Every structure is written in C-alpha cells, then in structure tokens.
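Keep the viewer open as you read.

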Amino acid sequence: MTASQPRFPRREWFETLREVVAADAEMGVIGRWCDLDLALAVDDELVLLLVRAGRIAGIVPEPDLGASWGVTLRGTLEDWRTFLQPVPPPFYTDVLAMNSRVPSFGIEGDRRAFVRHLRALGRMFDLARRLGAGSA
Amino acid sequence: MPEFDPITGRYVYLDTAGGRARVFFEEAGSGRPLVCLHTAGSDSRQYRHLMCDPEVTSRWRVLAFDLPHHGRSLPPEGWWEEEYLLTRDAYVGAVMAFVRAMGLERPVVLGCSMGGAVVLDLARLHGGEVGAVIGLEGASKIEGRFLDWSVMPDVDGSAVAASWTYGLMAPQSPEPSRREVWWTYSQGGPGIYRGDTYFYSVDWDLRGREGEIDTRRCPVYLLTGEYDYACTARESEATADAIPGAKFRKMEGIGHFPMAENYPRFREYLIPVLEELEQGETGLRNA
C-alpha cells in the first residue's frame, strides 16, 4: 500500500479494513455465517471489532467496562506490524502460526469460537495484510 | 484427440492390520520406484505436479497411494464403531503392504509431514527393503498437533481443517496452488485429520532412537520449508543431526506442503536429491 495509507492500529486503518472486507467477493460467499466480537490487543491498546455476517459492523477503540466480547488476539505492535508485511517472515504469516511460535502473541478468550470462524477470519486477515500496516 | 494427464489411477488390494483393504493409487513414469506418502487428512492428489514432471518420470516410476480412510481408499468395514487413530505400526504396515503387493524393489519412499515422519521409521525398521527415504517437513517428534476441534459438532471440520492447514504454507507460494491444498483438505473424512495427527503427535516418538537408522543401507534426506511452523526447519535439522549420515536442507520460501503448494520451487531441492540417489544406485551396481 502507498505511504498515504492510515497507520495500524489507528481508527482510520480499521475503517479502511471495514470497507475492504465489505467489498470483498470471497467474504460475500463465506462470511454470511460469521458473527463474532473480536478484540485486537496491540501493546496496551485495545480495539473491538463487531463482526456481523462477515462484515465489520462496528469498531470500538478502547471498549469500556460495560463491553464484553468473545475472542482477544493479543500481540505487541511489532508482532502486528510484522504480520501485516506483504511477505512476512516465517512464523508471522498466520494468526495460528504466531499463536504457536511467537511467545508475545496469543489467542485468548473463547478460542473455540475463533476456530469455528477460522475460514472467514483467515480471509479478513488476508485482506488486512493487503492493506499493510500503513506509513509512519 | 482428448488431452490426457500422464497419471493413471487404479486399485490394489492390500492385507493390512485393519483387514483387507482396497487401496487407490496413482502412478506415472518408469524406472526406479518412488513411492510418495501424502500428509495427514489428505490424499495422493498432492503429488500430481511431481507425477507430471518429465524430468522425474523419465527416470522414476512415481507411485502415490491413498491410505485407507483417505481420498478414494475407503475405510475398513466397521469404521463407524471405531475411533480413527493412526498408529505407527498401522502406518508402517500399510506402506510396506503397498510396497510388497506392488512388488517394488528397494523403492525410494518420499513422505510429507506425517509421511515425512514415518519414512524415518521405514528406514529404521525396513532399511533392507526400502532403498532410501526422503522426509519432507518431518522430525523425530511433532508436538501439539493432536486436537479435538475438528470433531466438535459446532465446528465445520472440513472447512476448518482446510483453513487450519492453509496457514502452514508460505505466502510466496502461488495462490491457486495454496487454494488447491485448501480444497483437497476440505475433503477429508470427519476425524481423519485428527486421527492422523495422533500418529506423529502422540503414538510415535523417534527421539533417542535416531542412531538406530543405518544410512549406509538406507540413505536419509530431510527437506523442510522455512515457513513451516508445525515442523520447523530447525527441528528437522536437529533430527538429521541425530541420524549419522543423514542429509538436511532448508527450503527457502516454502511451507508445509512443498510438492503441492509450490512444485516449481520444491523441485529445485528434490531433483538434486533424486540425482544423488541415482548416482548412489549406479555406484552400488558397479561395486
């Protein structure tokens, strides 16, 4: 992506992801049954994505105490930025790979729900990688 | 004239520990036999590119069979009353039953993932009958892969097994090939991927016994993709280091399914091994 792209994990980056996911033909085929509240933890920051029918229906930065969600993907900013490289190094190509081989990264919460929606979430993260981590 | 693939497929009957099995195999080429073993939960279609490579098939008779429960090899009668858990003995037995039934003389056995693991025990236990082994993405022990999610009723085991293994591939591998791996994985029977991982993640453990392999009798080659996170190149290298005479190479820009996800890249590593084996065989004949 170009230097004008918003930088991960700013809200504008997630807004762009929302548009890309909504426009994706494959998500249109496979996402219909994917409903999940998914939080991305990036160092100390938290962003909650409300996924409905395979689309990002809501983006909640720093959800308050009244918010609940199913799954948290927790990593350092460095983990996420490495993951979002167009061609990531070994062990950073996939959320499951990072969960398995990157000690600072983990899948937390309702992990079975993550597995249940793996196909659609895998596509969402493929699209996120096409977006890249943005410029400084 | 119709355009044919050079691969032909048919069935052979094998006597295995699970009973008499009608097993599907594909083959192409002529020459020294090269028997190819598919990965957990998949089938022999993974080797279709290798079987269409004239540089290989002009000198090798390439054969790949579907283990019972996989691809076009049906499970034995009574499968519905028995949890499928592949053991080392059953796996080694099935491979040797195929080798013997087909009358293959000192074949080279090439296996990937669980196939890359079992070839080490084929070398250890049947080094007289097996001429050499090439293990892809194999090591003395692969931990943490035997999991229950694929048989949970709220999980679509076919799609999830395919998506679970999709991430094992290198991002550089061509997308159509990676999608094909996804497709073939989605066609495994319920619980079969899980039951296969039982072999290499629970039942089998070569650690401490690597030295029992005599590579003068049965040469051992281990090739592992740098992007494989289930069996890392470092793990395969450690296994090769523990087997006197074994050879190891890390494959750059390749993941867990070399022959299927990026055959053009994989053959850069495979062809030199096959050539070395051919030279070794010539040397043995002339000795």
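1. Setting aside neighbours within four places in sequence, A:Phe14 is in contact with A:Val47 and A:Ile59. Please keep in mind that this is a predicted model.

2. You will find A:Phe14 in helix H1 of chain A.

3. Is A:Phe14 buried or exposed? A residue needs 20 or more other C-beta atoms within 10 Å to be called buried. A:Phe14 has 21 C-beta neighbours inside 10 Å, so A:Phe14 counts as buried. In chain A as a whole, 32% of the 136 residues count as buried.

4. Stay with H1(A), which covers residues 11–23, and look at its partner H6(A), residues 118–131. Two packed helices are described by the angle between their axes and the distance between the axes. Here the axes come within 10 Å and cross at roughly 125°. H1(A) and H6(A) are therefore oblique to each other. The crossing in which H1(A) passes H6(A) is right-handed.

5. Which residues make this helix pair meet? From H1(A) come A:Thr16, A:Leu17, A:Val20 and A:Val21, and from H6(A) come A:Met124, A:Leu127, A:Ala128 and A:Leu131. Sorted by class, the contact of H1(A) with H6(A) has seven nonpolar residues, one polar residue and no charged ones.

6. Now step back to the whole of chain A. Its secondary structure comes to six helices and five strands. Along the sequence, the pattern reads α-α-β-β-β-β-α-α-β-α-α. The radius of gyration of chain A is 14 Å, close to the 14 Å that the globule rule gives for 136 residues, so chain A is as compact as a globular protein of that length. The C-alpha trace spans about 30 × 30 × 30 Å along its principal axes.

7. How do contacts in chain A relate to sequence distance? Taking contacts between residues at least 6 apart in sequence, 63% join residues at least 24 apart.

8. Finally, turn to the partner chain. In this pairing, 16 residues of chain A are in contact with 14 residues of chain B. Helices H4 (95–101), H5 (111–116) and H6 (118–131) of chain A are the elements that give two or more residues to the side touching chain B. H4(A) gives the most to that side, with four residues. By class, the residues on this side of chain A divide into eight nonpolar, three polar and five charged.

Note on methods
Residues are numbered from 1 along each chain as its sequence is written. Chains are lettered from A and ligands numbered from 1 in the order in which they are written. This is a predicted model: local features need pLDDT of at least 70, side-chain atom pairs count only at pLDDT 80 or more; totals for chains, interfaces and linings use all residues. The radius of gyration is taken over C-alpha atoms; the globule rule is 2.2 Å times the number of residues to the power 0.38. A residue is buried if 20 or more other C-beta atoms lie within 10 Å of its own, exposed if 12 or fewer, and partly exposed in between; C-beta atoms are placed from the backbone. Two residues are in contact if their C-beta atoms, placed from the backbone, lie within 7 Å. Ala, Val, Leu, Ile, Met, Phe, Trp, Tyr, Cys and Pro count as nonpolar, Asp, Glu, Lys and Arg as charged, and the others, Gly among them, as polar. Axes are lines fitted to C-alpha atoms, for helices over the stretch in contact, and angles run from 0 to 180 degrees between N-to-C directions. Angles under 35 degrees count as roughly parallel, over 145 as roughly antiparallel, 65 to 115 as roughly perpendicular and the rest as oblique. A crossing is left-handed if the near helix is turned anticlockwise from the far one by less than a right angle, and right-handed if clockwise.
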